[in-house]
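Hi,

Here is the structure I promised to pass on.

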Amino acid sequence: MDRSSLLQLIQEQQLDPENTGFIGADTFAGLVHSHELPLDPTKLDMLVALAQSNERGQVCYQELVDLMSSKRSSSFKRAIANGQRALPRDGLLDEPGLGIYKRFVRYVAYEILPCEVDRRWYFYRHRSCPPPVFMASVTLAQIIVFLCYGARLNKWVLQTYHPEYMKSPLVYHPGHRARAWRFLTYMFMHVGLEQLGFNALLQLMIGVPLEMVHGVLRISLLYLAGVLAGSLTVSITDMRAPVVGGSGGVYALCSAHLANVVMNWAGMRCPYKLLRMVLALVCMSSEVGRAVWLRFSPPLPASGPQPSFMAHLAGAVVGVSMGLTILRSYEERLRDQCGWWVVLLAYGTFLLFAIFWNVFAYDLLGADVPPPP
C-alpha cells in the first residue's frame with residue numbers, strides 16, 4: 001500500500017474526522033482486516049506498540065505513513081522503545097524452520113544491530129534484491145588489479161619496492177597531486193598479498209553485513225569518505241610519501257562497527273563479543289605497526305619513500321565520527337539528525353583545508369617532494 005492510497009482510504013473511512021492528526025490503532029487494525037489489506041503482520045505488531053506508547057491508544061498519522069512506507073523517524077523509534085509492552089513476537093533466535101539464507105540474515109541482524117526491535121524489523125522486511133554489491137565489487141576489483149600487477153611484475157609481496165610499481169596511474173604520489181583521481185584510485189593498489197588479504201577479509205566479513213543492513217548508499221559513502229580522508233591526510237602530514245591500499249576505507253568501516261558495539265555493549269547479542277573485539281583491535285594495531293615499520297625501516301632498498309600509514313588513522317577517525325553517526329541511525333533519515341550535519345560540516349571543512357594545502361602549501365613550505373616516477 002502506498003502513501004496516496006493510504007491517505008485516500010483514511011479519508012473515505014473518516015478515521016480522523018476532527019483532523020487531530022491521530023488515528024485509533026484498534027480502528028485502523030479493524031479496517032485492515034475488513035478490507036483484507038496486504039499489511040505485514042510485523043508492521044501491525046509495531047502499530048500496536050506505537051499505540052500503547054500513547055496515553056489515548058492512538059497513532060500519529062505521520063508515524064503511520066512512515067510505518068507503511070518502511071521509514072522510521074527518531075520519534076517513531078523512541079515510541080517503540082518506550083512502549084508499555086514489547087512486541088508480541090518471540091526473539092529471532094526462536095524462529096523455527098529457517099532456510100540457509102534466512103539464517104544468514106538472522107546472523108547479520110544479531111551481528112550488526114543492538115536492539116531486538118531493530119533486529120526483527122530488519123529480519124522481516126529484508127529482501128535479497130538488491131544484493132550488497134558495493135563491497136563485493138570493490139573487493140573483486142582490488143583482487144583483479146593485484147593479480148594483473150603481480151603477473152606483470154612477477155612479484156607478489158612488497159610490490160612497492162619494484163621500480164615499475166609506482167608508475168601505475170592508480171597510485172597516489174605527491175608528485176602527481178594534480179591528478180585528482182589518484183586520491184581515490186589508490187585503494188585498488190596494495191603493497192602485497194598480506195595487505196590485500198587483510199583488507200579483503202575485513203571488507204567481506206564486516207563491510208558486506210553492514211551494507212546488507214544499512215544499504216549501499218550509506219556504506220559506500222562511509223568507505224569512500226575514509227579512502228579520501230586517508231590520502232588527503234597523508235598529503236598534509238607525510239608530504240613525501242605515496243599511498244596504496246584500501247586501508248582508509250577498511251578502517252572507517254571497522255572503527256565505526258567497533259565503536260557501535262562498545263556504545264551498545266549490553267544490547268549486542270553477537271557471541272564471544274569481548275574476545276572478537278580484542279582480536280579485531282590486535283589485528284588492526286598489528287597492521288598499523290607493519291605499515292609504520294615499512295614506512296620508516298624498509299627491509300629492501302627502495303628508490304623513494306614507502307607508502308604512509310596515516311591513511312589507516314584517518315580512516316579510523318572517519319569511522320568513529322561519520323561512521324558511528326550512520327550506524328546509530330538505522331532506518332532513520334540522516335537529514336533529521338543534528339549530529340549528521342555537524343559531522344558533514346567538519347568533514348567539509350577538512351576537505352577545503354586539504355585542497356588549499358595541496359594547492360599552496362607545498363610551494364610555500366618548499367617541500368622536498370620526490371620526483372614522480
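To start with something you can check on screen: is L158 buried or exposed? L158 is buried, with a relative accessible area of 15%. By buried I mean under 20% relative accessible area, with exposed being over 50% and partly exposed in between (1.4 Å probe, protein chains only).

Before going on, a word on what you are looking at. This is a predicted model, so local features need pLDDT of at least 70 and side-chain atom pairs count only at pLDDT 80 or more, while totals for chains, interfaces and linings use all residues. Residues are numbered from 1 along each chain as its sequence is written, and side-chain values use heavy atoms, with hydrogens and water left out.

The overall picture

The protein chain has 15 helices and 2 strands. Those are DSSP runs numbered from the N terminus: helices are H or I with at least four residues, strands are E with at least two. Of the 373 residues in the protein chain, 50% count as buried. If you take the contacts in the protein chain with a separation of 6 or more, residues 24 or more positions apart account for 75% of them; contact here means heavy atoms within 4.5 Å.

The UniProt record (an unreviewed entry) annotates "transmembrane region" over residues 133-152, 183-204, 216-236, 248-267, 274-296, 308-327 and 339-360. Its positions are given in the numbering used here, feature names are shortened, and annotations may be inferred rather than shown by experiment. I looked at two of those spans. Residues 216-236 are 100% helix and 0% strand, with the end C-alpha atoms 30 Å apart. Residues 339-360 are also 100% helix and 0% strand, and there the end C-alpha atoms lie 32 Å apart.

The loop between α8 and α9

L158 is found in this loop, and its phi is near 50°, a positive value in a residue other than glycine. N154 is found in the loop between α8 and α9 too, with a positive phi near 55°. Most residues other than glycine have a negative phi, which is why I picked these out. N154 counts as exposed, at 66% relative accessibility. P163 is another residue in the loop between α8 and α9, and P163 counts as exposed at 55%. P163 and L153 are 10 residues apart in sequence and 9.4 Å apart in space, C-alpha to C-alpha.

Aromatic rings

The structure holds 9 aromatic pairs. Rings of Phe, Tyr and Trp (its six-membered ring) pair if their centres lie within 6.5 Å; planes under 30 degrees apart count as stacked, over 60 as edge-to-face and the rest as tilted. One of the pairs is F104 with Y107, which is stacked at 6.2 Å centre to centre and 25° between the planes. Being 3 residues apart in helix α6 (residues 100-112), F104 and Y107 are separated by about one helical turn. F104 is partly exposed at 34% relative accessibility, and Y107 is partly exposed at 42%.

Y172 and F183 make a tilted pair, because their ring centres are 4.9 Å apart and their planes sit at 45°. This pair links distant parts of the chain: Y172 is in the loop between α8 (133-153) and α9 (182-185), F183 is in helix α9, and they are 11 residues apart. Both Y172 and F183 are buried.

Two arginines sit over rings as well. R177 lies over the face of Y362, at 3.7 Å from the ring centre, and R295 lies over the face of F296, at 5.3 Å. The test is NZ of Lys or CZ of Arg within 6 Å of the ring centre and within 35 degrees of the ring normal.

S231

S231 lies in helix α11 (residues 216-237) and is buried, with a relative accessible area of 0%. A polar atom of the S231 side chain lies 3.1 Å from the backbone oxygen of L228. Leaving out residues up to four places away in sequence, S231 touches F183 and Y186.

Cysteines

How many disulfides does a search of the whole structure find? The search finds 0 disulfides, a disulfide being a pair of cysteine sulfur atoms within 2.5 Å. The sulfur of C254 is 10.0 Å from the closest cysteine sulfur, in C283, so the two are too far apart for a bond. C254 is buried, with a relative accessible area of 2%, whereas C283 counts as partly exposed at 40%.

Cheers

Methods
Polar contact = N/O pair within 3.5 Å; in protein donor to acceptor, adjacent residues only side chain to side chain.
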